[in-house]
Amino acid sequence: MIDLSTTYMGFKLKNPIIAGSSGLTDSVDKITELEKHGASAVVLRSIFEEEILLEMNAKLKQMSSNGFVYPETVNDYDYYEDIEEGTTYKYLKLIREVKSTVRMPVFASINCVSSTNWTYFSKQIEDAGADAIELNLFILPTDFKHSSTENEKVYFDIVAEVQKQISIPVSVKISYYFSNLGKLIQDISKSGAKGIVLFNRYYSPDIDIEKMEINSGFVLSNPSDMSISLRWIAIMTGRVNCDLIASTGVHHGKDVIKQLLAGAKAVQIASTLYTNGPQQIGVMLEELKIWMGSKKFESINDFRGKLSQKNTNNPAAYERIQFMKYFRGYK
Ligand SMILES: Cc1cc2nc3c(=O)[nH]c(=O)nc-3n(C[C@H](O)[C@H](O)[C@H](O)COP(=O)(O)O)c2cc1C
């Protein structure tokens, strides 16, 4: 009997494939379909801090007589009743409906860049029934007046403010645009976050040379995009206080196996679901099962992290950047 179960942030997942946040996780029907095909958990499409603040500010303006808003007012503001057709209302409604329809854990996701009043909304998300909140954090370091420490402080402030509001677990999904990435990941893991997702994939600009215009780069990933995540999952495994989840470039069963060998607790997938449909989850799980059988592994723990940097007998393999032998040998 092969056991595919794993754990993440204290939840027992029936297998290591989580449907990551995307347009495929924004409705009850789509999420039900993902569960039917084997997803072990789902991260809802992110709601943006700006969307929360927009509705919150509009309402608070009505509520405040002299323009001053007491913090308690923000705290008591009931998103669920006030703006029935608003984005926040719809997000909470989605959480409630999804939670009453599927059995797998449901993680809400907030795209945020500051630790301002929007953080009160996390409590409403908890009350709506979400099992955890994933903070999708990204501040592109283009304000050159700020040091990297000042930029990074915002991440910790956000995690702290959200944790003040809720008791469900918080995870953090980040990019790799940091000057001291390993230390940052370690520090986030000590901040109380129960999971870190390595890494998000962002909108990237491209240039259309015929029209001479800026347009959108590739939205979906390729399997070759997995290498950065694989490297950092392997390097950080055994060196953090929380669970690591791999995201970006996981398209096939063999990609899941690689990330588990590197030390990931689970993977999040999005692009392969767009390309191959939700049934790809079943295909990937089958590939994982066949491989485990061929290696005589009965559970994920039999091999998870076996090739992390700490466990491999070739730790330098994850640190070689300018690999002379590799580049010179490539004729
Ligand atoms: C169309 C699309 C929409 C996405 N929307 C979100 C989002 O709302 N929030 C988020 O945290 N990530 C979002 N992502 C990022 C994915 O969750 C994932 O981290 C990224 O695509 C890398 O994984 P992949 O290679 O499996 O696609 C989106 C990705 C795609 C392709």
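**Reading a strand and a ligand site**

Author: Both faces of β7 are covered: Ala 132, Glu 134 and Asn 136 on one side, and Ile 133, Leu 135 and Leu 137 on the other, are all buried. Buried means under 20% relative accessible area, exposed over 50%, and partly exposed in between (1.4 Å probe, protein chains only). This is a predicted model, where local features need pLDDT of at least 70, side-chain atom pairs count only at pLDDT 80 or more, and totals for chains, interfaces and linings use all residues. Residues are numbered from 1 along each chain as its sequence is written, and side-chain values use heavy atoms, with hydrogens and water left out.

Reader: Why list two sides for a strand?

Author: In a regular strand the side chains alternate between the two faces of the sheet. Here, β7 spans residues 132-137; strands are DSSP runs of E, at least two residues long, numbered from the N terminus.

Reader: Which strand pairs with β7, and in which sense?

Author: Pairing takes at least two DSSP bridges between two strands. β6 (residues 106-112) runs parallel to β7 over six bridges, and Ala 108 sits opposite Ile 133.

Reader: Now the ligand: which side chains have a polar atom by one of its oxygens?

Author: A polar contact is a pair of N or O atoms within 3.5 Å. Ser 221 has a side-chain N or O atom 2.5 Å from a ligand oxygen. For Ser 247 the distance is 2.9 Å, and for Asn 200 it is 3.3 Å. Taken alone, the ligand exposes 600 Å², and the protein buries 86% of that; such areas come from the Shrake-Rupley method with a 1.4 Å probe.

Technical notes. A polar contact is a pair of N or O atoms within 3.5 Å; within protein, one must be able to donate a hydrogen and the other to accept it, and residues adjacent in sequence count only if both atoms are side-chain atoms. Helices (H or I, at least four residues) and strands (E, at least two) are DSSP runs, numbered from the N terminus.
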